[in-house]
Amino acid sequence: MRISVLGNSDTNGQNLADRSQSWPVLIQERLSAELGREVTVDSWRFAPYRPDAVGFAMGLVREAQPDVVIYTLATFWCAFTTVHSRIEQRFGQRAARLAARAERSYVRRFEHPAGEDKPSRPKITKRLARRVIGAAPVMTFDRYISTVSEVIRELARMENTQVLVMADHHFNVAARQTMPNLERTIARIEGMVKAMVLERRLLWGSVEEAIRVGGGRDEIIMSDCVHMNAEGHERMANALVPVLRSLAVVV
């Protein structure tokens, strides 16, 4: 059985201390043991903002010839706003790189010791920058939806392949407070994409629902407001293994 994951930096375990704790690796190990046969799980970081992103991603999928494709909606690209993206849009990539370098230097210089209750200068500065400069997503909503729609149409055309599309998680409380439109944007994406998925008789799941099981949901998101910790990956594996086990009977 072969499973291909069109994912992101989270599915690749990019921010984990040990990438073997990422949920694609966990489901490969657990399904192989449960089914008593080899299960291979590919995991690719799909960057929808890049030129010909869909063609590149689908080339990987077709070459792998998987039995199951899991496509996780990375709403970060159009729902999560950053000052860096706003600077790049207004002043170009060089200005954005210089701003990012200056911010990293500032954080290293003024970062408070761990456990300090006072807000750090970098956090205050970031809030001020949002008010003065503004913030923007990497992709516009329309461009993101267009790209996602194209991926889903291409996946739906694949014969003898089960496709599971998974709605994204809603980041953490700090992100939701900083970006008031975040959850509304995610809900809008889910509503549009879910209708498309079900119309094509593909499978629909939710990262958010998976990581909520067991409580302490916001503690699962790292301090960068975006990536899941090892517990989040464990919960994802727990949610996906039974689903994939049932699909193994079909394929």
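User: Which elements each supply at least two residues of the lining of the largest cavity?

Analyst: In this predicted model, the lining of the largest cavity is made up of G7, F46, P48, Y71, T72, L73, A74, W77, Y144 and V148. Among these residues, Y71 and T72 fall within the range 68-72, and Y144 and V148 fall within the range 141-156. The elements that each supply at least two lining residues are therefore strand 3 (68-72) and helix 7 (141-156).

User: What is the volume of the largest cavity?

Analyst: The structure holds one cavity of 30 Å³ or more. The volume of the largest cavity is about 50 Å³.

User: Are helix 2 and helix 7 roughly parallel or roughly antiparallel to each other?

Analyst: The axes of helix 2 (residues 53-64) and helix 7 come within 10 Å and cross at roughly 25 degrees, and the crossing is right-handed. Because angles under 35 degrees count as roughly parallel, the relation of helix 2 to helix 7 is roughly parallel.

User: How many nonpolar, polar and charged residues has the contact of helix 2 with helix 7?

Analyst: From helix 2, V54, M58, V61 and R62 meet T147, E150, V151, E154 and L155 of helix 7. By class, this contact of helix 2 with helix 7 has five nonpolar, one polar and three charged residues.

Terms used: Residues are numbered from 1 along each chain as its sequence is written. This is a predicted model: local features need pLDDT of at least 70, side-chain atom pairs count only at pLDDT 80 or more; totals for chains, interfaces and linings use all residues. Side-chain values use heavy atoms; hydrogens and water are left out. On a 1 Å grid over the protein atoms alone, a cavity is a set of points where a 1.4 Å probe fits but cannot get out, and a pocket is an open set with protein on both sides within 12 Å along at least five of seven lines; lining residues have an atom within 4 Å of a point. Grid points are joined across faces, edges and corners, and a volume is the space filled by probe spheres set on the points. Helices (H or I, at least four residues) and strands (E, at least two) are DSSP runs, numbered from the N terminus. Axes are lines fitted to C-alpha atoms, for helices over the stretch in contact, and angles run from 0 to 180 degrees between N-to-C directions. Angles under 35 degrees count as roughly parallel, over 145 as roughly antiparallel, 65 to 115 as roughly perpendicular and the rest as oblique. A crossing is left-handed if the near helix is turned anticlockwise from the far one by less than a right angle, and right-handed if clockwise. Contact means heavy atoms within 4.5 Å. Ala, Val, Leu, Ile, Met, Phe, Trp, Tyr, Cys and Pro count as nonpolar, Asp, Glu, Lys and Arg as charged, and the others, Gly among them, as polar.
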